[in-house]
Amino acid sequence: DITASVVMDGDTNKLVPTFRAATIDEYWEIIPGDDIIIDYYDLEGNQMYYYRRDKRGNPTGNKRVFRRIRYQNPELHKDKNGNAAKYKSPYGSDSKIYIPQAIRNKYKAQSKITTLYIQEGELKAEKATKHGLISVGVMGIHNIAYNNKLPREFEMIIKRCQVDNVVFVLDSDWDQLSSKIDSNHSADMRPKNFFTAVLNFQKHFYAFTNNDIHLKIYFGYVLPNPEKDKGIDDLLTNSLRGKEDTLKSLCAKALTDPEGDAQWLKFHDITSYSDYKLKAFWHLENKDS
């Protein structure tokens with residue numbers, strides 16, 4: 001039931017499905033299949049494009065339609081490290097943010113978005129937005145910025161919709177060690193991975209102060225729970241099934257609670273955290289820790 005109002009030609013818009021059942025061939029052409037094709041549209045409803053880039057980052061060739069694929073059977077699609085790949089982006093494309101139609105509507109109406117949530121993935125962004133958490137999706141925890149620059153849509157949304165708070169939402173395993181620790185995979189590799197992602201998020205959004213935009217910056221996560229719901233989408237389709245709309249009030253509580261607690265979730269205000277203080281979440285601040 002997820003659609004986008006897309007510019008077809010001139011002033012004509014058409015509602016089209018954002019998610020489609022199909023797959024891709026080696027040329028990224030859509031062919032029949034049962035994977036999920038995810039289309040990307042900008043804040044005006046225009047198709048997003050990308051250019052392949054050379055080693056210096058310069059665009060090469062013609063622009064290409066940007067879309068992603070979510071595989072039905074990740075085990076059949078290994079990445080370069082031999083791990084199952086749930087998602088795939090076009091080779092040579094840059095990082096983009098996925099924008100639900102609810103955000104396009106608010107942007108067009110210049111309607112205020114008090115809190116903008118950043119979810120890992122398009123499906124989480126749509127599911128959270130449907131139940132009151134206005135969210136964009138990023139393609140991975142390290143894909144908030146590309147070449148050390150935020151996608152311009154972040155600034156456009158923040159300015160036009162007068163955003164006060166930004167919240168980066170992680171899964172419940174954000175502080176767990178890797179299941180693969182050996183001579184090639186150190187124990188601190190996974191914690192450093194998450195620390196770097198959250199630090200990157202904080203630095204980029206704190207930089208808005210240079211434009212006299214003072215955001216409150218949070219990172220949050222799903223708390224361990226009896227049903228073992230890992231992500232915000234798991235929580236909504238399982239533990240909170242039938243009472244999904246309570247999530248909005250829970251998040252409002254987490255934003256104001258001194259400890260950031262709200263039963264299923266926990267938020268941390270990291271607006272003015274130093275690198276050292278941020279490292280403490282993963283016990284990376286010193287060797288003994």
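Predicted model: local features only at pLDDT ≥ 70, side-chain atom pairs only at ≥ 80, totals over all residues.
**Salt bridges, cores and pockets**

Residues are numbered from 1 along each chain as its sequence is written, and side-chain values use heavy atoms, without hydrogens or water.

So what does aspartate 39 pair with? Aspartate 39 makes a salt bridge to arginine 20, with 2.9 Å between the closest N and O atoms (the rule is a side-chain nitrogen of Lys or Arg within 4 Å of a carboxyl oxygen of Asp or Glu). Arginine 20 sits in strand S3 (residues 19-24) and aspartate 39 in strand S4 (residues 30-39), so the pair ties together parts 19 residues apart in sequence (helices, H or I with at least four residues, and strands, E with at least two, are DSSP runs numbered from the N terminus). A network of salt bridges links Arg20, Asp39 and Arg67.

How many salt bridges are there by this rule? The count comes to 16. One of them joins aspartate 269 to lysine 216, with the closest N and O atoms 3.5 Å apart. That pair links distant parts of the chain, 53 residues apart: aspartate 269 belongs to strand S14 (residues 265-269) and lysine 216 to strand S12 (residues 216-222). Aspartate 269 is partly exposed at 31%, and lysine 216 is partly exposed at 39%. There is also a bridge between glutamate 75 and lysine 78, at 3.0 Å from N to O. Here glutamate 75 is exposed, at 55%, while lysine 78 is partly exposed, at 48%.

Now to the nonpolar side. The largest nonpolar core has 52 residues, and Phe154, Phe205 and Phe219 have the most contacts inside it (a core is a set of buried Ala, Val, Leu, Ile, Met, Phe, Trp, Tyr and Cys residues joined through side-chain atoms within 4.5 Å). Elements that each supply at least two of its residues include helix H1 (101-109), strand S9 (115-120) and S12. Which element gives the largest share of this core? H4 does, with seven residues. Beyond its neighbours within four places in sequence, phenylalanine 154 touches Ile97, Leu116, Ile118, Val136, Val138, Ile144 and Phe205 (contact is heavy atoms within 4.5 Å). A second, separate core has 20 residues, among them Val167, Tyr218, Leu235 and Leu265.

Last topic, pockets. The largest is lined by 43 residues, with Asp79, Asn83, Ala84, Lys86 and Glu120 nearest its centre (on a 1 Å grid over the protein atoms alone, a pocket is an open set of points where a 1.4 Å probe fits, with protein on both sides within 12 Å along at least five of seven lines; lining residues have an atom within 4 Å of a point). Elements giving two or more lining residues include strand S7 (67-70), helix H2 (122-130) and helix H4 (189-206). H4 gives the most, four residues. For the second largest pocket, 17 residues form the lining, and Asp94, Lys96, Pro151, Arg152 and Glu153 are the closest to its centre. Strand S5 (49-53) and helix H3 (152-160) are the elements that give two or more residues there.

Definitions and conventions:
Buried < 20%, exposed > 50% of the residue type's maximum accessible area, 1.4 Å probe, protein only.
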